[in-house]
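Here are my notes on the model you sent over.

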Amino acid sequence: MSDVLISPSILSADFAALGRAVADVDAAGADLIHVDVMDGHYVPNITIGPAVVKALRPHSAKPFDVHLMIAPADPFIDAFVDAGADYLSIHPDAGPHPHRSLQAIRDRGAKPGLVLNPGTPVQVVEPLIDLLDLILVMSVNPGFGGQSFIDSQLSKIETLRAMIDRTGRDIVLEVDGGVNPQTAPRCIAAGATALVAGSAVFKGAGSLSQNIDALRGGVGRAAA
Ligand code: DX5
Ligand code: ZN
């Protein structure tokens, strides 16, 4: 079993019972709770806002890993931090000043993250890395759960692993999209330290804890 962090994406949970879903994945062994925020503008889907994050906050003491797929992000940073985001991640192309956005997140006391789409070059990280506590590599194009893992992102993970190691800092290297028991070991081998999974956790073959264990490299038992 690896000690990779597992961050279940509640995008694949029952939206009519999100509080229960957060509590259930917490009890099942999640390390983080991944919250996908979409605006129908930066990505072609709409999900949830800060009021829902605030309502979910009491349902788990685990860190909330909030992934903003919104443009602009800056007007909402305060609201998401106030709602209880621990990690707050932005896409660098969601606004003209990603450095300012990351600084604002840090100034508010949350941990800044930067998200790279499959088409985003890794070089965008270099001038921002000192501000980062998390780098999120999208292994699908953002907007929807249940898509297939894009293999070409593995070399990006390897490059980022080397960049992070050069800093000597403990920056989480997370992968999001199409992560399942088949693709997870490849992400870990490439240097990922955290895995987001929606379908594989909430719609996998076993119980929530079996599905989470399977991502860590355990043999998920069949559902009873
Ligand atoms: C996609 C989201 C992902 C999504 C992953 O835009 O950022 O977090 O929930 O879903 P799966 O694990 O089903 O690919
Ligand atoms: Zn996400």
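1. Let me start with Lys 62, which counts as partly exposed because its relative accessibility is 22%, and anything under 20% would have been called buried. Bear in mind throughout that this is a predicted model. Lys 62 forms a salt bridge with Asp 26, and the closest N and O atoms are 3.1 Å apart. Asp 26 belongs to helix α1 (residues 18–27) while Lys 62 sits in the loop between α2 (50–56) and β3, so this pair ties together parts that are 36 residues apart in sequence.

2. How many salt bridges does the structure hold? There are nine salt bridges in the structure. As background, side chains of opposite charge can pair when their charged atoms come close.

3. Another of these pairs is Asp 133 with Arg 169, where the closest N and O atoms are 3.5 Å apart. This pair links distant parts of the chain, with Asp 133 in the loop between β5 and β6 and Arg 169 in the loop between α5 and β7, 36 residues apart. Buried or exposed for Asp 133? Asp 133 is buried, because its relative accessible area is 15%. Arg 169, at 30% relative accessibility, counts as partly exposed.

4. Then look at Asp 151 and Arg 186, which form a salt bridge with the closest N and O atoms 3.1 Å apart. Since Asp 151 lies in the loop between β6 and α5 and Arg 186 in helix α6, the pair ties together parts 35 residues apart in sequence. Both ends are partly exposed: Asp 151 has 42% relative accessibility, and Arg 186 has a relative accessible area of 37%. Elsewhere, salt bridges that share partners join Asp 78, Asp 82 and Arg 108 into one network.

5. Helix α5 (residues 153–167) passes a simple length check. An α-helix has 3.6 residues a turn, so residues three or four places apart point the same way. After α5 comes Gly 168, with a positive phi near 75°.

6. Asn 117 is worth a click. It is found in the loop between β5 and β6 and counts as buried because its relative accessibility is 11%. Its side chain makes a polar contact of 3.3 Å with the side chain of His 91. Leaving out residues up to four places away in sequence, Asn 117 touches Tyr 42, His 91, Asp 93, Met 138, Pro 142, Gln 153 and Lys 156.

7. What about the peptide bond from Ala 71 to Pro 72? That bond is cis, with omega near -5°. Pro 72 has its place in the loop between β3 (64–69) and α3 (77–83).

8. Finally, the ligand. Of the 20 residues around ligand 1, Asp 36, Gly 143, Asp 176, Gly 198 and Ser 199 come nearest. Polar side-chain atoms lie at these distances from an oxygen atom of ligand 1: 3.4 Å for His 34, 2.7 Å for Asp 176 and 2.5 Å for Ser 199. Taken alone, ligand 1 exposes 380 Å², and the protein buries 99% of that.

Notes:
Residues numbered from 1 in each chain as written. Chains lettered and ligands numbered in written order. Predicted model: local features only at pLDDT ≥ 70, side-chain atom pairs only at ≥ 80, totals over all residues. Heavy atoms only, no water. Helix = DSSP H or I, 4+ residues; strand = E, 2+ residues; numbered from the N terminus. Buried < 20%, exposed > 50% of the residue type's maximum accessible area, 1.4 Å probe, protein only. Polar contact = N/O pair within 3.5 Å; in protein donor to acceptor, adjacent residues only side chain to side chain. Contact = heavy atoms within 4.5 Å. Near = heavy atom within 4 Å. Areas by Shrake-Rupley, 256 points an atom, 1.4 Å probe, with all protein chains shown as cover. Salt bridge = Lys/Arg side-chain N within 4 Å of Asp/Glu carboxyl O.
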